[in-house]
Amino acid sequence: FDQGFDRIGQVSLSQLHRSPEGLLEIENIGFQAGPKDAPYLRAKGSIGDVLRFEGIDIDGTLNLPSSAILARLGNDDAGQFGVLDGNFKITEKGNGLSLEQFAVNVTDTDLWTFDTDVTLEHVQSVKGLEARSEIGIDDTSSFLEALGGAPLAGEALNLKLDITGEEQTFDSKIAITTGSTRAEVSLNTVFAETGLIARGGLSSDRVVVSDVKDAAAFLIRLGQQEKASLEAKETQPPVESDDRVPQPLVLADEPEVPTPDQTDERVPQPLVLAEDPEDQTSDQIDERVAQPLVLPKQDLSGATEQFMSVDYLATRADVDFGIDIKQIVGIDDISSVESELTMRDGKLSFGPLNISHGGGYFNLSAAMDVVDAPGLVSINGSTGGGDLGKIMSSIGAGIGAQGILNGRFSLTGSSASPQSFLKSMSGQADISMGRGRIDTSLLDLAGLG
């Protein structure tokens, strides 16, 4: 580059020329982001057709401190959480932009593990998506302490996420392991012309309630610390950036185009390809001003709001989601849970929710018509095999009772809140008890004494 364009900021160009096919081609283009002596992103490659943005072959590497994704980390403690190392490859071979490789993992730390791999055959249409990510923490208490937070009951926590997709169809799977509890959520989603179709479920062979409580407490505490750190950074006055902390990439505003008498021949001017003069009027030719190349942004906000709106989900979504927990440890007399959530043609139903407790059972179903009767919910169910004495003891009634309860109910009320439902409910409930006895005080309580 005799004109001195071989380096523009942190972008370097080796060759810009016309290819044998008559295309404007860039070879050996390189760019980086971050401090010059230790950039956190480097990339190099070529663009075979600059004007059409085709024939792309770019390879790059990433080297980020963990503070890039953990806002709580400062310069002093960021080293404990390691460095995010990765690489990527972007290509375009005439059939659309492809992400052939994107791989990142955390190194130089014992506090946690992070590993992700993503490939995408066609970026614009989200075709051929394969994504896998895993996060592991051996001791959640030590992790919080290293972040400067108060310790909690420490447990191992592991999250795995797998997503595959082909344009409008996506399969997702999340596996959660904490302590001795392992649960899996699977979901198949189709964005069809008729609406959203989703099938999935939550399953687990064994859930220990204390494990779930510890994991929830850790995630809540971590979220609180991250939020507090972000708020603290927003209230601090601007300081000189540390070279190792990634900063947002901001492109400078386009400078005003100088008038002919102001133009210095040594100042590079925007490259504008001439249009055919026959397609322009005489006054248009003189008024042509070079404009920066801006690719149109695809506005997806409307589509996102549509798919997430209650009206859309209620009338056009077709959803089936099951729950199957075979063993629950830590809740007295409840050993398993099974249920299903469905949404179809404006009707939402949940159940039957089957709960096994001791030698008894409890079944519950709920339904709503969100189109014709959006303010009402109907609940019906049955119970059998419940020990009345244990029930009275668990609620602290202090009334002696013994016997096996059986019952069924069908109630309808307001869906605004549990209190509104209780105040407005109507329907019927039948309860019976066999082979039992109750104290006189319970008869008095029922008005039968």
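**A first walk through the predicted model**

Trainee: How many helices and strands does the chain have?
Mentor: The chain has eight helices and 22 strands, and please keep in mind from the start that this is a predicted model.

Trainee: What share of the residues is buried?
Mentor: Of the 449 residues in the chain, 27% are buried. As for the surface, the chain exposes about 28900 Å², with carbon and sulfur atoms supplying 55% of that area.

Trainee: And what about contacts between residues at least 6 apart in sequence?
Mentor: Among those contacts, 42% join residues that are at least 24 apart in sequence.

Trainee: Back to the inside, then: which residues have the most contacts in the largest nonpolar core?
Mentor: That core has 26 residues, and the ones with the most contacts inside it are Phe81, Trp112, Phe143 and Phe218. The elements giving two or more residues to this core are the strands β5 (41–49), β6 (54–65), β7 (83–92) and β8 (97–107), together with the helices α1 (140–146) and α2 (209–235).

Trainee: Which element gives the largest share?
Mentor: That is β6, which contributes four residues to the core. There is also a second, separate core of seven residues, and among them are Val207, Ile328, Leu353 and Ile355.

Trainee: New topic: how do β10 and β11 run, parallel or antiparallel?
Mentor: Strand β10 (residues 127–137) and strand β11 (residues 157–166) run antiparallel and are joined by nine bridges; to find one of these pairings, look at Gly136, whose bridge partner in β11 is Asn158.

Trainee: What does β11 do with β12?
Mentor: β11 pairs with strand β12 (residues 169–178) in the antiparallel sense as well, over 10 bridges, and Ile163 stands opposite Ser172 of β12. These two strands, β11 and β12, form a hairpin with two residues between them, and in the turn Glu167 has a positive phi of about 65 degrees.

Trainee: Why does Asp320 count as buried?
Mentor: Asp320 counts as buried because its relative accessible area is 17%, and the cut-off for buried is under 20%.

Trainee: Which residues is Asp320 in contact with, leaving aside its neighbours within four places in sequence?
Mentor: Asp320 is in contact with Ala198, Arg199 and Gly200, and also with Glu340, Leu341, Thr342 and Arg344. Taking Leu341 from that list, Asp320 and Leu341 are 21 residues apart in sequence, while their C-alpha atoms are 5.8 Å apart in space.

Notes:
Residues are numbered from 1 along each chain as its sequence is written. This is a predicted model: local features need pLDDT of at least 70, side-chain atom pairs count only at pLDDT 80 or more; totals for chains, interfaces and linings use all residues. Side-chain values use heavy atoms; hydrogens and water are left out. Buried means under 20% relative accessible area, exposed over 50%, partly exposed in between (1.4 Å probe, protein chains only). Contact means heavy atoms within 4.5 Å. Accessible areas come from the Shrake-Rupley method with a 1.4 Å probe; for residues, only the protein chains shown count as cover. A nonpolar core is a set of buried Ala, Val, Leu, Ile, Met, Phe, Trp, Tyr and Cys residues joined through side-chain atoms within 4.5 Å. Two strands pair if DSSP finds at least two bridges between them.
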